[in-house]
Amino acid sequence: MREYILTNTLDEIFNKYSYAADFFTSFGIKSIDTKLTIIDFLDTLEDEIIESCGMERAQMIDNFAAFMKKMNTLKLKARFNLKEITVRGGYDKSGNKENTTLTMKPGEIICIVG
């Protein structure tokens, strides 16, 4: 996994592993140049951003590789692969039929209020 991470662009990694970008967003890194490899991308980040993550650049690469390995292991252990789940509207308080459909996919963060 480490070799794959070091030799492919972030775009290739993110497309193959939907959870990969979560590593960076968990540290508040939202603007990611996905055309770059992880080494090149980390080189573009200011030192303050790296320091705010509590790691050095080399540690970020190591932790990203460990994160990817662990997530891949968890994915392989899954008994079934849920691609999406759909919730269809029922009836409102007045008994009227709701014309609502909500489809959710793994990795999405959704809040339903009301």
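What follows is a short exchange about two residues and the confidence of a predicted model.

Biologist: Is Asn 8 buried or exposed?
Modeller: Asn 8 sits in the loop between helix 1 (2–7) and helix 2 (10–16). Its relative accessible area is 16%. Buried means under 20%. Therefore Asn 8 counts as buried.

Biologist: Which backbone oxygen lies 2.9 Å from a polar atom of the side chain of Asn 8?
Modeller: The Asn 8 side chain also makes a polar contact with the side chain of Thr 7, at 3.5 Å. The backbone oxygen at 2.9 Å belongs to Tyr 4.

Biologist: Leaving aside neighbours within four places in sequence, which residues is Asn 8 in contact with?
Modeller: Contact here means heavy atoms within 4.5 Å. With the neighbours within four places set aside, the contacts of Asn 8 are Ile 13 and Thr 37.

Biologist: Why does Lys 30 count as exposed?
Modeller: Lys 30 is in the loop between helix 3 (20–25) and helix 4 (38–44). Exposed means over 50% relative accessible area. Lys 30 counts as exposed because its relative accessibility is 73%.

Biologist: What separates the C-alpha atoms of Lys 30 and Thr 101?
Modeller: Along the chain, Lys 30 and Thr 101 are 71 residues apart.

Key: Residues numbered from 1 in each chain as written. Predicted model: local features only at pLDDT ≥ 70, side-chain atom pairs only at ≥ 80, totals over all residues. Heavy atoms only, no water. Helix = DSSP H or I, 4+ residues; strand = E, 2+ residues; numbered from the N terminus. Buried < 20%, exposed > 50% of the residue type's maximum accessible area, 1.4 Å probe, protein only. Polar contact = N/O pair within 3.5 Å; in protein donor to acceptor, adjacent residues only side chain to side chain.
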